[in-house]
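Open the structure in your viewer and keep the selection tool at hand. The tour below goes from stop to stop.

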Amino acid sequence: LKAHFIKAADPYELNDLAVAGRVHLAASMPIGNSHLQYSIPIRTVGQWIVGHSDVLGPETLDDLAGQTVEVPAGSPLADSLRGLNEKSRPTVVEVPGVNEMDLLERVTAHKAELAAVHDIHFDVGVNFYPEASPLLQLPGKLELGWAFGGKDAERLREKADAFIATARADGTLARLQDRYFGHIKRINSAGIARFIDDAKTRLPQWRRHFHAAQDLTGIDWRLIAALAYQESKWDPLATSYTNVRGMMMLTEDTADYLRVRNRLDAGESIRAGARYLAELVEQVPVTAGYPDRLWLALSAYNLGMGHFRGARAMAARFKRDPDVWYEMKQVLPQLARPEVYARLKSGPARGGEAVIMVENIRSYY
């Protein structure tokens with residue numbers, strides 16, 4: 001059956017839609033309403049009180065008494081806060097028409113003193129609002145699952161449970177988790193703040209070169225810019241101790257292959273680096289789908305195609321899928337182990353560094 005998606009205004013409306021049977025499935029509902037049937041949990045989340053890093057906030061639950069904490073209207077966070085014992089209970093303000101990311105923005109703009117958010121949203125949001133600081137974890141965990149109401153609820157729930165169990169057993173859930181959230185905790189708040197500042201002050205003068213590279217290769221200019229930031233922090237004169245140079249940190253051999261006349265010319269370096277990445281993407285087997293193919297190609301940008309092919313060859317030994325980035329993240333660090341690289345023509349490689357590089361680029365992108 002083709003899926004039809006309905007976006008509820010808030011958790012209250014989503015609950016009402018499910019209870020009335022007006023939707024077959026309500027996604028990511030907190031498990032607990034006795035009027036609904038729930039799948040087995042898909043994820044478990046913690047709940048945090050968040051404030052601005054410049055402001056001293058509560059350190060214990062008792063410090064919450066007398067404080068005002070904002071939550072999205074209808075959020076289970078409101079129930080968690082109101083469920084605290086009386087000496088710890090804050091004033092809870094349910095803000096209509098906002099989500100947890102909006103609340104993080106309000107906190108960093110000093111429009112709200114404290115907010116309550118789930119840890120998964122904080123981990124994503126801190127990449128945009130590095131001034132947000134986790135102050136206090138609320139007790140307990142919240143289980144999220146799919147909710148079903150109406151006449152077909154039980155039958156659909158049974159089907160969903162079987163599907164989720166299979167997806168967990170075959171690694172689908174783990175790969176989805178990694179695809180959307182696996183890279184988000186790699187860069188600390190200082191690094192995020194620097195990136196946001198550099199994107200405002202340094203990126204504009206180079207942006208036309210990244211757009212030109214996109215026109216040349218078809219690769220999203222933002223991904224090319226993210227690669228350049230990881231390589232050189234958008235410094236066209238960057239030079240490493242190994243004589244890798246320029247905006248895209250090209251080796252002499254790679255520059256010669258790409259017919260680059262001046263590695264320190266920003267436009268030439270960006271176009272050449274993008275062409276090189278495009279070639280690497282083409283060399284990754286077509287059995288790898290997107291976006292995994294991009295992440296795999298980026299690891300080859302760091303390692304070289306010889307080491308990358310060696311890692312793919314070793315994947316079967318570790319019972320990993322060479323076409324999936326989540327799987328190859330487990331393989332690449334093994335290239336530094338003597339018992340592993342002794343089997344490879346390409347020799348040892350710092351595969352762990354390649355993983356860190358790709359994950360950082362995913363965050364910047």
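**Stop 1**

Select Asn-243, which at 30% relative accessibility counts as partly exposed. The model you are looking at is predicted. Asn-243 sits in the loop between α9 (221–232) and α10 (252–257). Its phi is near 70°, a positive value in a residue other than glycine.

Next, select Met-249, which is in the loop between α9 and α10 as well. Is Met-249 buried or exposed? At 14% relative accessibility, Met-249 counts as buried, because the cut-off for buried is under 20%. The phi of Met-249 is also positive, near 50°. Most residues other than glycine have a negative phi, and most peptide bonds are trans.

**Stop 2: a cis peptide bond**

Move to the loop between α11 (266–283) and α12, where Pro-291 is placed. Look at the peptide bond from Tyr-290 to Pro-291: this bond is cis, with omega near 5°.

**Stop 3: two packed helices**

Select helix α12 (residues 292–303) together with helix α16 (residues 351–364). Two packed helices are described by the angle between their axes and the distance between the axes. For α12 and α16 the angle is about 130° and the axes are 9 Å apart. The two helices are therefore oblique to each other, and their crossing is right-handed.

Now show the side chains where they meet. The residues on the α12 side include Trp-295, Leu-298 and Tyr-301. Among those on the α16 side are Met-357, Val-358 and Ile-361.

**Stop 4: an arginine in α13**

Select Arg-312 in helix α13 (residues 305–315). At 18% relative accessibility, Arg-312 counts as buried. What does the side chain of Arg-312 reach at 2.7 Å? It is the backbone oxygen of Pro-322. Not counting residues up to four places away in sequence, Arg-312 touches Pro-285, Pro-322, Asp-323 and Met-328.

**Stop 5: helix α3 and its ends**

Finally, select helix α3 (residues 100–108) and colour its buried residues: Glu-100, Leu-103, Leu-104, Val-107 and Thr-108.

At the N-terminal end, Asn-99 caps α3. A side-chain oxygen of Asn-99 lies 3.0 Å from the backbone nitrogen of Met-101. Past the other end, select His-110, which follows α3 and has a positive phi, near 60°.

Methods:
Residues numbered from 1 in each chain as written. Predicted model: local features only at pLDDT ≥ 70, side-chain atom pairs only at ≥ 80, totals over all residues. Heavy atoms only, no water. Buried < 20%, exposed > 50% of the residue type's maximum accessible area, 1.4 Å probe, protein only. Helix = DSSP H or I, 4+ residues; strand = E, 2+ residues; numbered from the N terminus. Polar contact = N/O pair within 3.5 Å; in protein donor to acceptor, adjacent residues only side chain to side chain. Axes fitted to C-alpha atoms, helices over the stretch in contact; angles between N-to-C directions. Parallel < 35°, antiparallel > 145°, perpendicular 65-115°, else oblique. Left-handed = near helix turned anticlockwise from the far one by under 90°. Contact = heavy atoms within 4.5 Å.
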